[in-house]
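Welcome, and thanks for taking a look. Please keep the structure open beside this text while you read.

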Amino acid sequence: MVSAQAADKGAVLDTYSDIAHAAYEDSLITARGLASAIDALIAAPSDATLQAARAAWIAAREPYQQTEAYRFGNAIVDDWEGRVNAWPLDEGLIDYVASSYGTESDANALYTVNVIANPKLTVNGTEVDATDITPTLIAETLHEAEEVEANVASGYHAIEFLLWGQDLNGSDAGAGNRPATDFDTQNCTNGHCDRRAAYLKAASTLLIADLEEMVANWTADGAARAALMENTDQGVSAILTGMGSLSYGELAGERIKLGLMLHDPEEEHDCFSDNTHDSHYFDQIGIRNVYTGTYRRIDGSVVAGPSVSDLVRDQDAALDDELRTKLDAAVTALAVLRARAESIEAYDQMIGEGNEAGNAVVQDVVDALVDQTRSIERAVATLGLSAIEFEGSDSLDNPNAVFQ
């Protein structure tokens, strides 16, 4: 006989899985919209079609970023995630770069190999025929080539680079400014426009295939859902692991505090498009979604059901109130950052050296994320779950190491 508590946890895992399926499905829908906009850009390159493709990319980020709370606790997601959202990337692997980028890197032999300009290249000592730029070439040969994580050849950020180009503004105003003529074979700028278009098309096709795979993993008989359901306690632990690790080590630490400490615009997540404020905001929305068991889909419908919040409230109503309040406070801090980015200055300007007001807004976000993580840790203890180790970051745990 299944205990009432075990049954409650099973219902919580059902909601969590339903939200995953819906959010990945929304990510797939918007990725298909992005692919259509890319097709239109390639067919008729212009400022208008380029701007439409960029807008479609930004729209595609909103549902995808809300799925990031499923990392860390779910091995199927964590093992896959690098194919779609890895960053930062050595963009010289893919296309032309400014002279300030340099010509070589001790850590990466493919630092400026420029696949778009070179149909023949050498990877791990073997000559590769890159005459046809295909999803298979990107996925199996180029992505993380020679086991270098910075060789990001696929996913959102490779597409972002191709749509915007490098952001050469440092901590000054402005994002990447690639011209539409970079894709115009009749009026080509910067050479190899046919291959650049082919790469962009292949990368968008691959993104759709990768998202289709993850949607399938969260269907009623999908592998990710099945793995979660094998042990309800471990399943609930997976939810809290994803929340805590994204909140603390990944978002507060690696994505925000590190760049703030270094005042380095290269450390911003969406560094070509200056869309980092949105990505950070929707990461936090995703954390709150999985705790409250509620997700608003891109069509306006809502997926909702029993949640971890309900489990915590059964044990300690005050703690549930506390954690909900802190989740909302972090959303508010990120909303302030987002509003500043949309009206005053971009995120890479906010983290710039000497920008006291901007730095303070970013630090408020870090503080709110760290604060909510402490309550997530208390929720783990209150539910009597095995100790969970959240992802850490030297920027939070050992700041001196950042400068060594």
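Keep in mind that the model is a predicted one.

Let's begin inside. The structure contains 1 cavity of 30 Å³ or more, and the space in this largest cavity comes to about 40 Å³. To find the place, select Val12, Thr15, Tyr16, Ile19, Asn289, Val290, Gly293, Pro306 and Ser307, which line the cavity. Two helices, H1 (4–43) and H9 (276–292), each contribute at least two residues to that lining. H1 provides the largest share, with 4 residues. In terms of residue class, you will find 5 nonpolar and 4 polar residues around the cavity, and no charged ones.

Now let's turn to the open spaces. The largest pocket has a volume of about 490 Å³. Its lining is made of 20 residues, and those closest to the centre are Glu81, Ala86, Trp87, Glu144 and Glu149. Helix H3 (75–85) and helix H8 (232–262) are the elements that supply two or more residues to this lining, and H3 gives the largest share, 6 residues. Which classes of residue make up the lining of the largest pocket? It divides into 11 charged, 6 nonpolar and 3 polar residues.

The second largest pocket holds about 350 Å³ of space. The lining of the second largest pocket has 9 nonpolar, 8 charged and 3 polar residues.

Cys271 brings us to the cysteines. Is cysteine 271 buried or exposed? Its relative accessible area is 13%, and because buried means under 20%, cysteine 271 counts as buried.

Elsewhere in the chain, the count of disulfides comes to 1. Cysteine 188 and cysteine 193 form this link, and their sulfur atoms are 2.0 Å apart. If you check the torsion about the S-S bond, the value is 90°, and the link between cysteine 188 and cysteine 193 is right-handed. How accessible are the two partners? Cysteine 188 has a relative accessible area of 35%, so it is partly exposed. Cysteine 193, at 2% relative accessibility, is buried.

Terms used. Residues numbered from 1 in each chain as written. Predicted model: local features only at pLDDT ≥ 70, side-chain atom pairs only at ≥ 80, totals over all residues. Heavy atoms only, no water. 1 Å grid on protein atoms, 1.4 Å probe; cavity = no way out; pocket = protein on both sides within 12 Å on 5 of 7 lines; lining within 4 Å. Points joined across faces, edges and corners; volume = space filled by probe spheres on them. Nonpolar A, V, L, I, M, F, W, Y, C, P; charged D, E, K, R; others polar. Disulfide = S-S within 2.5 Å. Buried < 20%, exposed > 50% of the residue type's maximum accessible area, 1.4 Å probe, protein only.
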